[in-house]
Amino acid sequence: MFQLKTLSMEGIIAALDKAERYRLLNEPREAESICLDVLEIDPENQKALVILLLSITDQFGRRHSDQVGRARELLPHLHDEYERAYYAGIIFERQAKAVLKRGAPGGEFQAYDWFRNAMDLFEKAEAIRPPGNDDALLRWNTCARIIMRYKLVPRQEDYVEPFLE
């Protein structure tokens with residue numbers, strides 16, 4: 001195996017700038033790798049944790065299902081309660097989008113549930129948001145618009161498939 005090289009503390013800011021650019025270029029694996037390098041030398045770096053979480057969620061639907069768990073494992077490391085709620089909502093929202101994109105039978109019901117979970121978390125974040133930060137409201141509105149556009153509804157628990165003779 002390889003011995004990974006260690007970044008310098010002085011290089012963290014530039015490395016995180018690169019990670020953000022890789023995310024914007026739709027290169028989440030590269031961004032993820034950079035964040036892991038930063039977290040090796042600064043395990044509590046909040047910016048690296050957020051970019052890593054977003055990089056992982058960028059890959060929902062592309063890779064193995066363990067990505068959701070990996071993203072959720074990062075939440076307790078975020079120091080700010082607002083950010084924990086907001087990014088937990090992001091995870092649910094991106095799960096919902098991935099299942100809709102996959103188009104699996106019954107996926108629209110799961111997507112609805114995950115959008116609603118995201119919206120609940122965005123409402124929690126909204127209640128404790130810093131002044132002037134409307135990010136949670138923007139995300140809530142996005143989820144609501146997707147639910148309305150695709151006419152998503154919850155699964156009816158009492159629905160029984162009719163018997164065809």
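## Close-up views of a predicted helical model

**View 1. N26 lies in the loop between helices α1 and α2.** N26 belongs to the loop that joins α1 to α2, the latter covering residues 28-41. This model is predicted, not determined by experiment. The phi angle of N26 is positive, about 60°, although N26 is not a glycine.

**View 2. The protein chain is built from helices.** The secondary structure of the protein chain consists of 7 helices and 0 strands. Read from the N terminus, the order of elements is α-α-α-α-α-α-α. Along the principal axes, the C-alpha atoms of the protein chain fill a box of roughly 70 × 45 × 25 Å. Of the 165 residues in the protein chain, 38% are buried. Among contacts in the protein chain with a separation of 6 or more, 61% join residues 24 or more positions apart. The accessible surface of the protein chain is about 10700 Å², and carbon and sulfur atoms account for 54% of that surface.

View 3. G11 is found in the segment before α1, a helix of residues 12-24. Is G11 buried, partly exposed or exposed? G11 has a relative accessible area of 25%, so it counts as partly exposed. G11 and V38 are 27 residues apart in sequence, and their C-alpha atoms are 8.8 Å apart in space.

**View 4. T57 is a buried residue of helix α3.** T57 is placed in α3, which covers residues 46-58. The relative accessible area of T57 is 3%; because buried means under 20%, T57 is buried. Which residues are in contact with T57, leaving aside its neighbours within four places in sequence? They are A71, I90, I91 and R94.

**View 5. Q95 is a buried residue of helix α5.** Helix α5 runs over residues 81-102 and includes Q95. Q95 counts as buried because its relative accessibility is 8%. With neighbours within four places in sequence left aside, Q95 is in contact with F60, V68, R72 and W114. One of these contacts, W114, is also among the buried residues of α6.

View 6. Helix α6 covers residues 107-127, which makes 21 residues. At 1.5 Å a residue, α6 should span 30 Å, and its end C-alpha atoms are 30 Å apart, so the two values agree. The buried residues of α6 are G107, A111, Y112, W114, F115, A118, M119, L121, F122 and A125. What covers these buried residues? The cover includes α5 and α7, the latter being residues 135-149.

**View 7. C35 and C143 are both buried.** C35 has a relative accessible area of 0% and is therefore buried. C143 also counts as buried, because its relative accessibility is 0%. How many disulfides does the structure hold? The structure holds 0 disulfides.

**View 8. K151 lies in the segment after helix α7.** K151 is found in the segment that follows α7. Is K151 buried or exposed? K151 counts as exposed because its relative accessibility is 67%. The phi angle of K151 is near 50°, a positive value in a residue other than glycine.

How values were computed. Residues are numbered from 1 along each chain as its sequence is written. This is a predicted model: local features need pLDDT of at least 70, side-chain atom pairs count only at pLDDT 80 or more; totals for chains, interfaces and linings use all residues. Side-chain values use heavy atoms; hydrogens and water are left out. Helices (H or I, at least four residues) and strands (E, at least two) are DSSP runs, numbered from the N terminus. Buried means under 20% relative accessible area, exposed over 50%, partly exposed in between (1.4 Å probe, protein chains only). Contact means heavy atoms within 4.5 Å. The expected span of a helix is 1.5 Å times one less than its number of residues. Accessible areas come from the Shrake-Rupley method with a 1.4 Å probe; for residues, only the protein chains shown count as cover. A disulfide is a pair of cysteine sulfur atoms within 2.5 Å.
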